[in-house]
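Subject: Structure handover

Hello,

Here is the structure I promised to pass on. Please open it first, then read my notes below.

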Amino acid sequence: PIVRQHAIFLRVPLIRGGATTGPPLSARTAIGTASLSSVVRSGADDDGDRSMEPARSPLRMYLACSAIVLLWAGAGTLFYSWINSWPLPQSFFYAIDAGMSIGFCTDVKETTDVSRAFTVVYVLAFASVIGGALVLFVENVTEGVEAAARGTYVRLVEEDAFRRANTSGSGALCYEEFQFLPALQCAGLAEDEMRRVWKKFDTLRDGVVHLNGEFIGRYSKIDAIIRKATSEKTAPLSPSATSGRIVAFLRENIGFLCRTEHRLCLTFIFWLLLGVVWGMVDQGWTPVTALHFAVSACTTGGLTAPPVGADGILPAGPSLFCGLYCLFGVPLFAVTLGHFARILVEEHVIATESRAIARPMSRTEFEFAQKLCTTDSVVHLSDFIIFQLLRQGKIDIKIVQALKKRFRAMDLDSSGVLTLEQATSK
């Protein structure tokens, strides 16, 4: 079985005269799913081309952002403590208050021009560098930015594998259909090993595997499940049917709250509630006043703040809490605001993109598009899709060139097509 060049680039079927053509279903599915874990790992070997290197671990990004923010906050805390002879907790509070331009209404004020000059540079540093790093850190934690881009594709492949294996059209895989999943066909499992893999998917213990709650999200880990099944000498104890149903119910009906589109809103609501509870318990404020503090702190309004003591010093507890609360609350609010703005303009963006797609090509654009993926004198489906993505700025021409280079490296016989072995070999 083979896959034509312009189809493998985009993982789409060939369409001619309204009919789908190409290799047998199981072979085409195997190309995309026989080793789906490799997609999740986001890695692909290449001959040194940096554009095709595996994605770096998010841990490095977290550590880099954390180091930048800690250096910024630490430098401000130490400087204000030294120049104004303040305690470290109050210095930390003021470093966040001034650096993020919150301006809490407190009696904590600078008294020297040297301190004010430092604040000018300090605020600009946050606005230009630190703010971006902090927003990136919060966005990545709350929304799972790096995983989301791959998650959509992985789910599409999982759904495609499920649909092709479900020859009965029942919407659930029986054991016989389950065995014909591409990854399992390639594994060469014995019957007892196959049964162990089946038990990992049939969590409801009802004799079938459902798409949502059992198959989606688990099939992407099929390589690890197979390895575990082949290493086990005896089948592990499985949960009862009742407990399995409870777990599946929670995962499918309550777990939706932790999805990307809900996680950010829930995090921001939790953060506001945290500020409200602290204000009521620690400061003795009314619920309205505490909410006033939480919202104004996260939005840099700074309209309500804890009072200083009789000695003119802000107590250590409120200083540390307010500093940390704003340090993460301000960028969290910015990301949440951007999320809602994206929802509001989504329909407008879709309409704009639809008009761009409907706009005819010029002769110059046609000549450019016909050579993007193929070498003849017509525009194929793959040429058209790549052209539209380039036209709308969705991808860069360097990405297209990197994909073509990768395809040529896999096409060892220079035939312009990939066999199943070539497409799935490492």
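A salt bridge here is a side-chain nitrogen of Lys or Arg within 4 Å of a carboxyl oxygen of Asp or Glu. Keep in mind that this is a predicted model.

**Salt bridges**

The structure holds seven salt bridges. Side chains of opposite charge can pair when their charged atoms come close.

Start with Arg391 and Glu365. Their side chains meet in a salt bridge, at 2.8 Å from N to O. Arg391 belongs to helix H18 (residues 381-391) and Glu365 to helix H17 (residues 363-369), so this pair ties together parts 26 residues apart in sequence. Arg391 counts as buried, at 19% relative accessibility. Glu365 counts as partly exposed, at 23%.

Within it, Arg164 forms a salt bridge with Asp160, and the closest N and O atoms are 3.0 Å apart. Both residues sit in helix H7 (residues 145-165), four residues apart, or about one turn of the helix. Asp160 is buried, with a relative accessible area of 18%. Arg164 is partly exposed, at 28%.

Next, find Arg195 and Glu191. Their side chains meet in a salt bridge of 3.1 Å, N to O. The two are four residues apart in helix H10 (residues 191-201), so about one helical turn separates them. An α-helix has 3.6 residues a turn, so residues three or four places apart point the same way. Arg195 is partly exposed, at 39% relative accessibility. Glu191 is also partly exposed, with a relative accessible area of 45%.

**Aromatic rings**

How many aromatic pairs does a search of the whole structure find? The count is 26. A pair of aromatic rings is described by the distance of the centres and the angle of the planes.

Take Tyr80 and Tyr122. This aromatic pair is edge-to-face, with 6.0 Å centre to centre and 90 degrees between the planes. Tyr80 is in helix H4 (residues 58-84) and Tyr122 is in helix H6 (residues 113-143), so the pair ties together parts 42 residues apart in sequence. Tyr80 and Tyr122 are both buried.

Phe201 and Phe215 make a tilted pair, because their ring centres are 6.0 Å apart and their planes are at 40 degrees. Phe201 lies in helix H10 and Phe215 in helix H11 (residues 211-215). The pair links distant parts of the chain, 14 residues apart. Both Phe201 and Phe215 are buried.

There is also an aromatic cluster to find. One cluster is formed by Trp72, Phe79, Tyr80, Trp82, Trp86, Tyr94, Phe118 and Tyr122.

**A polar contact**

Asn84 is found in helix H4. Asn84 is buried, with a relative accessible area of 11%. The side chain of Asn84 makes a polar contact with the side chain of Ser115, at 3.4 Å.

**One side of a helix**

Which residues of helix H12 (residues 222-231) are buried? They include Ile222, Asp223, Ile225, Ile226 and Ala229. These residues cover an arc of only 160 degrees around the axis, which puts them on the same side of H12.

**Cysteines**

There are zero disulfides in the structure. Consider Cys326. The closest cysteine sulfur to the sulfur of Cys326 is in Cys322, 6.3 Å away, so the two are too far apart for a bond. A disulfide needs the sulfur atoms within 2.5 Å. Cys326 counts as buried, at 1% relative accessibility.

**Backbone points**

Most residues other than glycine have a negative phi. Ser101 has a positive phi of about 60 degrees although it is not a glycine. Ser101 is found in the loop between helix H5 (88-99) and H6. Ser101 is partly exposed, with a relative accessible area of 45%.

Ser414 has a positive phi of about 55 degrees, and is not a glycine either. Ser414 lies in the loop between helix H19 (397-410) and strand E6 (417-419). Ser414 is exposed, with a relative accessible area of 64%.

Best wishes

Technical notes:
Residues are numbered from 1 along each chain as its sequence is written. This is a predicted model: local features need pLDDT of at least 70, side-chain atom pairs count only at pLDDT 80 or more; totals for chains, interfaces and linings use all residues. Side-chain values use heavy atoms; hydrogens and water are left out. Buried means under 20% relative accessible area, exposed over 50%, partly exposed in between (1.4 Å probe, protein chains only). The arc is that of the directions from the helix axis to the C-beta atoms. Rings of Phe, Tyr and Trp (its six-membered ring) pair if their centres lie within 6.5 Å; planes under 30 degrees apart count as stacked, over 60 as edge-to-face and the rest as tilted. A polar contact is a pair of N or O atoms within 3.5 Å; within protein, one must be able to donate a hydrogen and the other to accept it, and residues adjacent in sequence count only if both atoms are side-chain atoms.
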